[in-house]
Amino acid sequence: MKLQVINSPFNEEQVKLLNELLPKLTIEQKFWLNGYLSAPQATLKAIVEQAPPAAQPITKTITILYGSQTGNSQGLAEKYAAALKEQQIDVTVSSLGKFKASNLKKITNLLLIVSTHGEGDPPDQAIQFYEFLHSKRAPKLEHLQYSVLALGDSSYEFFCKTGKDFDERFAQLGATRIVPRIDCDVDYDDAAAQWFSAVQQEFLQHTTSATSTSAHTEGAQVLEESTYSRKNPFYAEVLENINLNGRGSNKETRHLELSIEGANFHFEPGDSIGILPENDEQLVNALLTALQFDSETEVTVFDETITIKEALQKKLEITVLSKPLLEKIAAYTEHKEFSKLFEEPKAWKDYAKGRDLLDLVEEFTPFTWSAQQFVELLRKIPARLYSIASSQKANSEEVHLTIGKVSYETAGRQRLGVCSGSVAERIQIGDTLPIYVHKNPNFRLPENNETPIIMIGAGTGVAPYRAFLEEREELGIEGKAWLIFGDQHFVTDFLYQTDWQRWLAAGTLSHMHVAFSRDTDQKIYVQHKLQENAASFYEWLEQGAVIYVCGDEKSMASDVDATIHQIIEQQGQKTPEEAKAYVNELKQQKRYQRDVY
C-alpha cells in the first residue's frame, strides 16, 4: 500500500521520503527497522544523538483538491496532476468530498479547483468541507501555500462565488497564495491553462534549469489533446431527429441519434455530449440591422479575422444578458433609462430575464461603439451539454440525446433556445453537428451490480436513465431498479414509454412510478410519488440504494431534495438535523448523485 497524507499520520515531505525508501528495503532491513522502531525510547534517543546529522533532500509535494458538480474541475485536476507527476513532483489528488479537512494541517502546498453550482452554491460533495472551513473549527493555516482556480458561468449573478469564498477564507486563516486566483467562464480552457502555467513557474522556480526545461516539455505532451474535444469537435452526422411528444402536447422533445463512427469516443452512462451551437441567422440579421453595421465588416475575434455576421452567428453569445455584459455596455451609451438598470439590486435581472441583445440595442440606441469594440464585449457561445441517452455497449457507433425545445415569448417576440431551437427547427437528417464528450464522474452507476438504484427525473431529465437501463440490459443485469418519472400528460408526454415497458417485462427495471401533472385537477409531481412510497424508499436506502436526480434544479430537484429529507426524518424517526446529516453522508458516499441544470 502506498502511503499518502490522507491515509497516514505523516506530512507530505515525510510521505515522499518513506515512499522512496520502503520499496528499496530488503526483508532483512525491514525486520531490523521494525526492531529498531520497537526499541525503548531511551535507547532510540541515544542512537539518534550519536548519529551525525543527515542532509535533508529537497522534495516537492503538492495536493490538488477539486469540487466538481459536472466533472469539469475533476477533469482539470487529474490532467494537471499528470503533468506535475511528469515533472517529478509527488502529487495527491482528491475530491473535497473525500478529503478530511483536518488534514489541511499536514500539507504545505495546495491547489484547489472548484466550480460554483446554481446561485453561488458549492458542489454537493464540497458542502461539508466548505462549511467546516467557514466554521470556528477551521484551523490556522500559516504553513500553507495555495492557489484557487474557480470555474463558473458569468450569466449567473454570483459568478465563481465558491472559488472566491475559498480563496478569501484560506487567506483569512493565514495561508499564502502561490499565484492569484483566476475566475473562469464556461469557456475555461485558456484561462485555466494560464493559471496552471503560472503555478508551475512559481512552484518549480527553485529546481534546476535542466529539470525545469525537460519537465515542461513532458508536461506539455501530457496536456495535449489527443482526441476530439471542445476545441476540436467531431462533426457527427444526424441519423434520426424525432419528436417524442404526441400531437397536442405543449412540449417538443427531440430524440437525436448521431453517428460517432471514427470519433474514437469513449463514454459511460451518466456522461454528456457537448454541442457547439450557432445563433439563428434571422436573429443575427435583425441584430446587425439594429446596430447599423454592414454584415461584411471584418472584425477580429479569438485571434481570427472574419466578418461580423460570421462572428455573431458562429462565435459569440448574443442571447443572454448578464450583469457583467450590461456593465460593459454602459460605457457606450448615454441613454438616461439605461442607468436605471443598476439603481435597484434586481432591476437589471428583471430586465434581462427572457431578453437578448436585440432587445437591448433596439431599446437603448444610440451607442458609440465600433463593430470591433462591440464584438470585444461579447463572450464565446457556450457549448450546450445534454445527458447521453444511450449505452455505448449497446450502440457502439451511435450516441442518442434527448433535447427539449426551449420556446417562449417576451416583449412581444417569440424566442427559441440557441441549440434546442436549431435542433427542432433547422437540423435535418444528414446534417452534421460539432460535438465532444463531457465526462461526468459524479453521475455513475454503482460498481456493485447488486446495489439498488432509484432514478428520479422529469421531462428530459429521464435521458441518462435510458442509458443506465440500456447498459444494464446489455450486461444482463437484473436487480432492484426503480424509476420515478414525471411530465405533463400521459397520452402525449410519456417519453420512451415502450422502452420502460420492455425493461419492466424483462426485469431490467423492477419498479416504476409516473406522475403526470396536468392529467388531474391536483398537480402531481415526482416528489409526490416519492412521498406516497415513503416506506419503500427509506427501506431501499437502508439496503444501500443509490439515489439519482436529474432535471431542473430550481423546481423539481429542490422539491425532491426537500421530500427526501422529510422521508428520512419521518421514516427514520430522526430530527431535522439528523436527517440533514444522513443526507450529507449519502452524498459523501456517492449514494445521492444529482445532474441538475
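This note goes through a predicted model point by point, from the chain as a whole to its sheet, cores, helix contact and salt bridges.

1. Basis. The model is predicted, so local features are given only at pLDDT of at least 70 and side-chain atom pairs only at pLDDT 80 or more, while totals for chains, interfaces and linings use all residues. Residues are numbered from 1 along each chain as its sequence is written, and side-chain values use heavy atoms, with hydrogens and water left out.

2. Overall content. The protein chain has 22 helices and 21 strands; these are DSSP runs numbered from the N terminus, helices being H or I of at least four residues and strands E of at least two. Of its 597 residues, 49% count as buried, where buried means under 20% relative accessible area, exposed over 50% and partly exposed in between, with a 1.4 Å probe and protein chains only. Among contacts (heavy atoms within 4.5 Å) between residues at least 6 apart in sequence, 77% join residues at least 24 apart.

3. The five-stranded sheet. Five strands form an open sheet in the order E19-E18-E17-E20-E21, with parallel pairing; two strands pair if DSSP finds at least two bridges between them. Strand E19 (511–516) and strand E21 (592–596) are the edge strands, each pairing on one side only. On average, neighbouring strands of this sheet are turned by 10° against each other, direction ignored. Angles run from 0 to 180 degrees between N-to-C directions, and axes are lines fitted to C-alpha atoms, for helices over the stretch in contact.

4. Strand E20 and its neighbours. Strand E20 (residues 546–551) runs parallel to strand E17 (residues 453–458), and five bridges join the two. Ile 456 stands opposite Val 549 in E20, and Gly 457 has Cys 550 as its bridge partner. Five bridges also join E20 to E21, again in parallel; here the partner of Cys 550 is Asp 595.

5. Cover over E20. Six of the six residues of E20 are buried. Val 546, Tyr 548 and Cys 550 point one way from the strand, whereas Ile 547, Val 549 and Gly 551 point the other way. In a regular strand the side chains alternate between the two faces of the sheet. Helix H21 (residues 553–571) lies across E17, E20 and E21 and runs at about 155° to E20.

6. Nonpolar cores. A nonpolar core is a set of buried Ala, Val, Leu, Ile, Met, Phe, Trp, Tyr and Cys residues joined through side-chain atoms within 4.5 Å. The largest one has 36 residues, and those touching the most other members are Leu 312, Ile 329, Leu 357, Leu 360, Trp 369, Phe 374 and Leu 378. Elements that each supply at least two residues of this core include helix H9 (281–291), strand E10 (298–301), helix H10 (308–315) and helix H13 (357–364). Leaving aside residues up to four places away in sequence, Leu 378 touches Leu 312, Leu 316, Glu 317, Ile 318, Leu 325 and Leu 357.

7. Helices H4 and H7. The axes of helix H4 (residues 72–86) and helix H7 (residues 189–203) come within 12 Å and cross at roughly 35°. The contact is made by Leu 76, Tyr 80, Ala 83 and Leu 84 of H4 and by Ala 192, Ala 193, Trp 195, Phe 196 and Gln 200 of H7.

8. Salt bridge at Arg 379. The structure holds 32 salt bridges, each a side-chain nitrogen of Lys or Arg within 4 Å of a carboxyl oxygen of Asp or Glu. One of them joins Asp 153 and Arg 379 at 3.2 Å, N to O. Asp 153 lies in the loop between strand E4 (145–151) and helix H6 (161–172), and Arg 379 in the loop between helix H14 (371–376) and strand E12 (384–387), so the pair ties together parts 226 residues apart in sequence. Arg 379 is buried, at 17% relative accessibility. Asp 153, Asp 185, Glu 317 and Arg 379 are linked in a network of salt bridges.

9. Lys 393 forms a salt bridge with Glu 471, with the closest N and O atoms 2.9 Å apart. Lys 393 is in the loop between E12 and strand E13 (398–404) and Glu 471 is in helix H16 (residues 463–475), so this pair ties together parts that are 78 residues apart in sequence. Glu 471 is buried, at 7% relative accessible area. Glu 473 and Arg 502 meet in a salt bridge at 2.7 Å, N to O. Glu 473 lies in H16 and Arg 502 in helix H18 (residues 497–506), so the pair ties together parts 29 residues apart in sequence. Glu 473 is partly exposed, at 32%, and Arg 502 is partly exposed, at 38%.
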